[in-house]
Amino acid sequence: MGNVLYRAPVSRRGPRREEPLANPGSFDELHRKCKEVFPQQMEGVKLIINKALSSHFQVSHAIHMSTIGQSNYHLNATFVGDQQTSPTEAFPTLIGDIDTAGSLNAQALLLLAERIRTKAVFQTQQSRFMTWQFDTEYRGDDYTATLTLGNPDLISESVIVVAHFLQSVTSRLVLGGEMVYHRRPGEEGAIVTLAGKYTALKWVATLNLGYGGAHASYYHRANDQVRCNNSTLIPRIRHWLLVL
């Protein structure tokens, strides 16, 4: 009887599946890592008392006494809803802050759909309205698009429109831009700013560059106890308003 040769089947591995890119977050959070390390600058004495009235409602009292500036008192109230999308985000969220001069700063954050969230901001100086702003943000799988409408006034035909877009190019690189359009009687213009962020294992580098100037920040985590950062603001290269 002759020998019978048996050829073992060759295992073929399919192409390696790449992990989907993550959402880059909001444009306003590009420099968040660096800002978290910076200590809050303050002159004088500040006393803050926080009180949680329930799992959804919290109030705080802040008293600031200074020999250089004006001493003041702030009352802050925060309401957080049941719809939690992440450990640090829950909807709806209502925030109000009022000081002894009667100036009010109020914010309302709502989740309209799984990917769409809105924010309304109102600011007054004593009894005069200073700012009213409305944001709408759409978060895709690997990109974020935001449209902001600031101080719209139909009577005087003035408005500020801001558009943001961020795209995750790779798992470490995020690119995007900002476009600001401003209009009021006798004046109209726009400015474009480019942005990028690179995230490594222990450091994060971010850059915003446009006609209004540049903002670069660098964050480095040496270990769990030591973190360092650097933030540089370059004055505007041109006047931020470009006459159309």
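Buried means under 20% relative accessible area, exposed means over 50%, and partly exposed is what lies in between, using a 1.4 Å probe and protein chains only. Keep that handy for the tour.

What you have open is a predicted model: local features need pLDDT of at least 70, side-chain atom pairs count only at pLDDT 80 or more, and totals for chains, interfaces and linings use all residues. Residues are numbered from 1 along each chain as its sequence is written, and side-chain values use heavy atoms, with hydrogens and water left out.

**Stop 1**

Select residues 173-184 and then 187-199. These are strand 10 and strand 11, which pair in the antiparallel sense over 12 bridges. Strands here are DSSP runs of E with at least two residues, helices are runs of H or I with at least four, and both are numbered from the N terminus. Two strands count as paired if DSSP finds at least two bridges between them.

Now click on Y181: its bridge partner in strand 11 is A190. Strands 10 and 11 form a hairpin with two residues between them. In that turn, pick out G186, which has a positive phi of about 80 degrees.

Stay around here and select E188 and R183. Their side chains meet in a salt bridge, at 3.6 Å from N to O. To count as a salt bridge, a side-chain nitrogen of Lys or Arg must be within 4 Å of a carboxyl oxygen of Asp or Glu. Are these two buried or partly exposed? E188 is partly exposed because its relative accessibility is 29%, and R183 is partly exposed too, at 33%.

Look for K197, whose bridge partner in strand 12 is T206. The hairpin between strand 11 and strand 12 goes through three residues.

**Stop 2**

How many salt bridges does the structure hold? There are nine. Side chains of opposite charge can pair when their charged atoms come close.

Select E36 and R32, a pair with 3.8 Å from N to O. Both sit in helix 1 (residues 32-37), and because they are four residues apart, about one helical turn separates them. E36 is exposed, with a relative accessible area of 53%, whereas R32 is partly exposed at 44%.

Now jump to D135 and K119, which form a salt bridge with their closest N and O atoms 4.0 Å apart. This pair links distant parts of the chain: D135 is in strand 7 (residues 128-139) and K119 is in strand 6 (residues 116-125), 16 residues apart. D135 counts as buried because its relative accessibility is 11%, while K119 is partly exposed at 26%.

Finish this stop by selecting E89, R117, E137 and R139 together. They are linked in a network of salt bridges.

**Stop 1: a nonpolar patch**

Which strands supply the patch? Strand 1 (45-52) and strand 2 (57-65) each give at least two residues. Strand 1 has the largest share, with three. Last, click on M65 in strand 2: at 48% relative accessibility, M65 counts as partly exposed.
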